[in-house]
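The conventions are given where they are needed.

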Amino acid sequence: MRFLHNQPVMKTEWLQALDVVSEERSLNRAATRLRLSQPSLSRQIQALEQEVGTELLDRESNGVHLTAAGVQFVRELREFLGRLERASAEARRLGRGEQRELRIGYLQSAAQSIVAPALRELRKAHREVRVVLRDLSPGEQIEALRRGELDAALVGPEGQVLAKEFYTRNLENIPVLAAVPEDHVLGSRKEIGLEELADETFVDFPEDHMPGRRRWLAGLCRKAGFKPKFGQKAEGVGHLLTLLVSEPAVTLLPAFMREYPHPGVALVRLRAPEPVWPLLLVWRRGRTTAELRALIEALARESRCKDDAET
């Protein structure tokens, strides 16, 4: 018996053989359908039973029937074979450069202004493509990309640490604001220098939630002449805004956060040279399908149009 990580390795042909035998209820008919000799088919079934560790067939004079264990095994087996066929078909389509479904991860707050127009443009050129959008944190998007559960992701500075692992494209550079408590001495100012936050405590997110963000934030502070002091880690955006008031503390946020409620928090513009929050499209290395290329270009055009409208 062969093992992979302590699990039995079963040959696909053994599984398919059992599936056909369960339908035909006859080794002779199943062997004819599979274009095998009956002894060869019997050996495959016996090898499968040996790996499973129990008999799957009752062999009688009038034919063969599934045992109770065999009934359960075949039920699960057919689900597996169906998934295997769908995965194989999808792989063949991707190998030919075709794709029927695009799975895109994004931060709704960051990307909604360009995602919807880009999708409308994509549908005009590729009506057959179904787009699945998943609103996930950057960390969740990156892990889903690695598992092959997403075709592309829209993230912030987190994507900068992934250039060796994925393809990346900078779609937009969004101005960065200082987030401080409203009653902070800087909260009433229209504009401040980043260096004025040198003595403050920064709150941020855990590395697994927004990988690379802390490095990005520390890099901006370093350019302003100081090393930031970090305090608590926020579990989400809402928690982060609460911590700013309760600690009190400060952080840096992209300008699109102005569109969301932030009671007790002031968002203050930073003086030139104004730091930016990059919006990055990240996708898996390898052959890029025509549909994904079309979406990439549509997103890039929408981002340029947005920039032109704001200037």
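## Helix packing near the N terminus

Axes are lines fitted to C-alpha atoms, for helices over the stretch in contact, and angles run from 0 to 180 degrees between N-to-C directions. Helices (H or I, at least four residues) and strands (E, at least two) are DSSP runs, numbered from the N terminus. The model is predicted: local features need pLDDT of at least 70, side-chain atom pairs count only at pLDDT 80 or more, and totals for chains, interfaces and linings use all residues. Residues are numbered from 1 along each chain as its sequence is written, and side-chain values use heavy atoms, with hydrogens and water left out.

Helix α2 (residues 27-34) packs against helix α3 (residues 38-52) at an angle of about 100°, and their axes are 9 Å apart. Angles under 35 degrees count as roughly parallel, over 145 as roughly antiparallel, 65 to 115 as roughly perpendicular and the rest as oblique; α2 and α3 are therefore roughly perpendicular to each other. In contact terms (heavy atoms within 4.5 Å), L27, N28, A30, A31 and L34 of α2 meet Q38, L41 and S42 of α3. By class, the α2 contact with α3 has five nonpolar, three polar and no charged residues. Here Ala, Val, Leu, Ile, Met, Phe, Trp, Tyr, Cys and Pro count as nonpolar, Asp, Glu, Lys and Arg as charged, and the others, Gly among them, as polar.

For α1 and α3 the packing angle is about 110°, with axes 9 Å apart. That makes α1 roughly perpendicular to α3. On the α1 side the contact has E13, W14, L15, A17, L18 and V21, which meet L41, Q44, I45, A47, L48 and E51 in α3. By class, this contact of α1 with α3 has nine nonpolar, one polar and two charged residues.

## Positive phi in the loops

Most residues other than glycine have a negative phi, and most peptide bonds are trans. R25 has a phi near 55°, a positive value in a residue other than glycine. R25 lies in the loop between α1 (12-24) and α2. With a relative accessible area of 53%, R25 is exposed; the cut-offs are under 20% for buried, over 50% for exposed, and partly exposed in between (1.4 Å probe, protein chains only).

R35 is not a glycine either, and its phi is positive at about 60°. This residue is placed in the loop between α2 and α3. R35 is exposed, at a relative accessible area of 79%.

## Cis peptide bonds

E247 and P248 are joined by a cis peptide bond with omega of about -15°. P248 is in the loop between α8 (237-246) and β12 (251-254).

A cis bond also runs from A272 to P273, with omega near 0°. The loop that holds P273 is between β13 (265-270) and β14 (276-284).

E49 is found in helix α3 and counts as buried at 9% relative accessibility. A polar atom of its side chain lies 3.2 Å from the backbone nitrogen of L57. A polar contact is a pair of N or O atoms within 3.5 Å; within protein, one must be able to donate a hydrogen and the other to accept it, and residues adjacent in sequence count only if both atoms are side-chain atoms. Leaving aside its neighbours within four places in sequence, E49 is in contact with T54, E55, L56, L57 and R59.

D151 is in the loop between α6 (138-146) and β7 (152-155). Its relative accessible area is 11%, and D151 is buried. The D151 side chain reaches the backbone nitrogen of R103 at 2.8 Å.

Where is G286? The residue lies in the loop between β14 and α9 (290-310). At 42% relative accessibility, G286 counts as partly exposed. G286 and F166 are separated by 120 residues in sequence, while their C-alpha atoms are 9.1 Å apart in space.

## Chain totals

The chain has nine helices and 14 strands. Of its 311 residues, 46% are buried. Among contacts in the chain with a separation of 6 or more, 73% are between residues 24 or more positions apart.

The accessible surface comes to about 17,100 Å², and 48% of this belongs to carbon and sulfur atoms. Accessible areas come from the Shrake-Rupley method with a 1.4 Å probe; for residues, only the protein chains shown count as cover.
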